[in-house]
Amino acid sequence: FFVPSYFKCIEVLNFVEHFNAEENEADILLGQTVEHMRGAGPWFDRHDGADHVFLFSWGRFPCRLANWRLHLRSAIALQVEDHCEDLNSESPQPTFSRWKDIIIPGHIDQWRVLELRRRNKPFERRDVVLVFHG
């Protein structure tokens with residue numbers, strides 16, 4: 001099951017529009033998301049979320065979510081960093097588990113896009129079908 005996350009989007013909206021300065025809206029959204037998945041059927045709880053993939057498309061997530069390790073302990077994290085970026089901390093918090101998580105490139109510049117296209121092969125001539133470059 002793929003679970004897109006809009007944690008950063010909701011934080012940006014909150015910051016720009018001043019919706020709720022007192023609470024962490026991303027934590028609220030995570031709680032609502034997990035509650036919805038548990039209420040929608042037995043699928044999340046049957047394997048403790050291990051067959052669910054959560055997208056974290058910003059370097060400060062999932063660490064900005066207070067209870068992410070509890071709620072998503074077995075879920076697969078599809079993320080752009082292997083640690084949480086924290087400009088106020090000496091050492092970043094590790095978030096990546098090599099046994100279950102996936103790192104994807106957060107940004108590929110124009111030169112790399114053109115180079116990847118230049119080296120593109122027809123499907124039948126490929127030794128590798130899938131690779132992440134980043």
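**Cavity**

I looked up the lining of the largest cavity and found Phe54, Phe56, Trp68, Leu72, Ala75, Ile76, Ala77, Lys100 and Asp101. A cavity here is a set of points on a 1 Å grid over the protein atoms alone where a 1.4 Å probe fits but cannot get out, and a lining residue has an atom within 4 Å of a point. The model is predicted: local features need pLDDT of at least 70 and side-chain atom pairs 80 or more, while totals for chains, interfaces and linings use all residues. I number residues from 1 along each chain as its sequence is written, and side-chain values use heavy atoms, without hydrogens and water.

I noted a count of one cavity of 30 Å³ or more. The largest has a volume of about 50 Å³, volume being the space filled by probe spheres set on the points, which are joined across faces, edges and corners.

By class I have seven nonpolar, no polar and two charged lining residues (Asp, Glu, Lys and Arg count as charged). Strand 2 (53-56) and strand 3 (76-79) each supply at least two of the lining residues; strands are DSSP E runs of at least two residues, helices H or I runs of at least four.

I then traced an open sheet of four strands, in the order 1-2-3-6, with parallel pairing (a pair needs at least two DSSP bridges). Its edge strands are strand 1 (2-3) and strand 6 (102-103). Strand 3 is joined to strand 6 by two bridges, and I found Gln79 partnered with Ile103.

**Helices**

Last, I checked helix 1 (residues 7-17) and helix 2 (residues 25-40): their axes come within 8 Å and cross at roughly 140°.

Key
On a 1 Å grid over the protein atoms alone, a cavity is a set of points where a 1.4 Å probe fits but cannot get out, and a pocket is an open set with protein on both sides within 12 Å along at least five of seven lines; lining residues have an atom within 4 Å of a point. Axes are lines fitted to C-alpha atoms, for helices over the stretch in contact, and angles run from 0 to 180 degrees between N-to-C directions.
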